[in-house]
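Here are a few comments on the charged pairs, for when you next open the model. Have it on screen while you read.

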Amino acid sequence: MKKINTFLNSFVCFAHYFACFAVNKKFILFFKFLLPVSFSLFTEVALCQEKNLSEIITTIAEQLADDENDPEAVSQYIDRLQELSENPVIVNSASEDEISRLFFLTDFQVKALVDYLHSSGLLLSVFELGNIPGFDKETAELLSPFITLENKLKIKSSTYSASWRNRLITNISYKPLSNDSSFLGSQIKMLTKYRFTSGKVSGGFTAEKDPGEKILYGNPPLPDFLSAHIAYNGTGIIRRIIVGDFSARFGQGTNINTAIRTGLSLSAPGYMAARNEIRPYTSTDENNFFRGVAGEFIIKNLGISVFCSGNLIDASTVSETDTSIEQVDNIYRAGLHTSSSQLLKKDVLKDISYGINLSYNFNSFRIGLTLSQDRLSMPMINKVNVPEAIFDFHGDIGSIYTFYYNSLIKKILLFGEVSVNESFKRAVIQGVTLRPSDRFSINFLFRDYNSGFSSFHGKGPSSASVNGNEQGIIGNFSFEAAKHLFISGGVDIQRYPWLKYRCSSPSHGLKQEIRVRYLPTEKLTIEALYNYRLTISDDKECNGIPQQKKIIARSIKGSTRYSISDNLIIGTRIDYKVSNPSGSRGMLLSQDVIFRFNSIPVSFWLRYSMFKTDDWDSRIYVYENDLLYSFSIPALSGEGSRSYIMVKWDIGDAAEIRLKYGITSISKSDINTENNEELKFQLKIMF
């Protein structure tokens, strides 16, 4: 403990002098006052366990939030993590299907864990995972919030209990200063999720109203977004039947993937190789899910999945001058209906989708075939006069045929996929994972999406949200360089053969990242992250033919997380970012405190951050703890501070209440400050 305290004190001094050098006196006073106060509190706390998300997971969430092309990606990612947190994976079940719910593990890791459980018996500690080939202490920390080590016999008896169990969650969010008189409804955001289970049967619904939308409208009056399902889960030939709303993913996802996209981070451990699933849909993306019937069946080594869907999605339409036939101009994916014009786009296009997936396992080799087709109620317009849209899908019928494979040869995992549409445009994925030793892994993934390839419900490994017009190769590594020291990094080289959004000529891109993590004890985590990103876009300041300009962003992040005791955790973070050619710079200093009382079931999350950026190009994203099934990753730009406090009160085993207050203060001048506040409330009931 003395060595740790010495190190932490040194870190405080370093942060103090770094702040003196880089920013103004406000930052100096913040660290000089707040950190010593925080450390003085740590000696007066008692016991209680608090699970926390890994820094890798929060970094991935921040990277997803930075992707302006796919605003729903972070919401789906957080939803999946929240579901795992509330329904942890039973690792001691030794079931490959059950362990595969840990979607961030590779097939190599899943198989290694199953083999270990069969040969060595039950896991007794999370950190025992570090002894399994393909795992280490870092991965064990990553998994800890999402797994349970309970006895599989007790779990089995409770899983198929016929008792009716219910869970209801209601979130209410409000930003007092953001009223807009043009909105159709109030600024309150409401989200309700209900789920029941009874033996092998489960079901539920999700209802959401975004800020500015009406609470109820239509005939009959319904929420702006309403999703529901009922599902049967079995262990025999019939593995799953879902009626209502569901999501699906097969292979690498270039054909069907309405879940989160693959290849999330350059320095995350491994890739999500081919893994099939049909699952109830519980997210709030209003335009990328299936509504109908789906089934999953297993006959020995043969897996069969079928689905049929008829869903209404948002779109803007135009009419041909000669024939007055309505055609779809664009798919509207934002899901916001706060004005009359946006409301006119709601549910105007019907998408009838159906498909089948066949997979067969040969011990360490698996192959699969996926066939899918979409039929639209109105044709997509052919935009022959718009250069960047020449290769976009047009017409009213789209078909995709896919072959994929997955092979594990000793310590080498090979996986690949080829998809072809009705125009013979293809998507090719080929990846390999090498594990020369248990402490070292290397991953490579090649992708080639033809300019004319498009999929309504596909999201394969890609740097963009839409698969098409992209070639690239990505490689990364993970290395346990010494005891408790982990180094990982990667490079992603991208090429775009045709025009794309904000770029009126062929272009390229480059991403580099390296991460160093030091975990000397179970209570202390120290991390440093360097990120480099090169993108090409049109120079708006040039007249005539747009000229291309390179935008290079470099960022450095340092963070520590320390559990002084089981009921008090602190975290400190420093971010520095530079964007060229503008020379824009940004910096953030942040302090977190997580505390839970020993005598009463109340927990607190507190954060105070100070930031200063020259403009939007040097903005900094910071993940925040939030309500269940909600997320908060604000983009901090300008000069100011961001603070929040969240309180959780556990009312026995039957209910939980969360309250969150956040405020962002931005300096507009020496005497003028703009304050943006938000209030959030959540009630969770289990009965």
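Predicted model: local features only at pLDDT ≥ 70, side-chain atom pairs only at ≥ 80, totals over all residues.

The points below go through some of the salt bridges one by one.

1. Taken as a whole, the structure holds 24 salt bridges.

2. Have a look at Asp245 and Arg291, whose side chains form a salt bridge at 2.6 Å, N to O. Asp245 sits in strand E7 (residues 238-249) and Arg291 in strand E9 (residues 290-299), so this pair ties together parts that are 46 residues apart in sequence. As for burial, Asp245 has a relative accessible area of 2% and is buried, while Arg291, with 32%, is partly exposed.

3. Next up is Arg607 with Asp592, a salt bridge of 2.8 Å, N to O. Here strand E26 (residues 602-613) supplies Arg607 and strand E25 (residues 584-596) supplies Asp592, so the parts being tied together are 15 residues apart in sequence. Arg607 has a relative accessible area of 11% and is buried; Asp592 counts as buried too, at 14%.

4. Then there's Lys660 and Glu624, with side chains that meet in a salt bridge at 2.9 Å, N to O. This one links distant parts of the chain, 36 residues apart: Lys660 is in strand E30 (residues 655-667), and Glu624 is in the loop between strand E27 (620-621) and strand E28 (635-636). Both Lys660 and Glu624 are buried.

Technical notes. Residues numbered from 1 in each chain as written. Heavy atoms only, no water. Salt bridge = Lys/Arg side-chain N within 4 Å of Asp/Glu carboxyl O. Helix = DSSP H or I, 4+ residues; strand = E, 2+ residues; numbered from the N terminus. Buried < 20%, exposed > 50% of the residue type's maximum accessible area, 1.4 Å probe, protein only.
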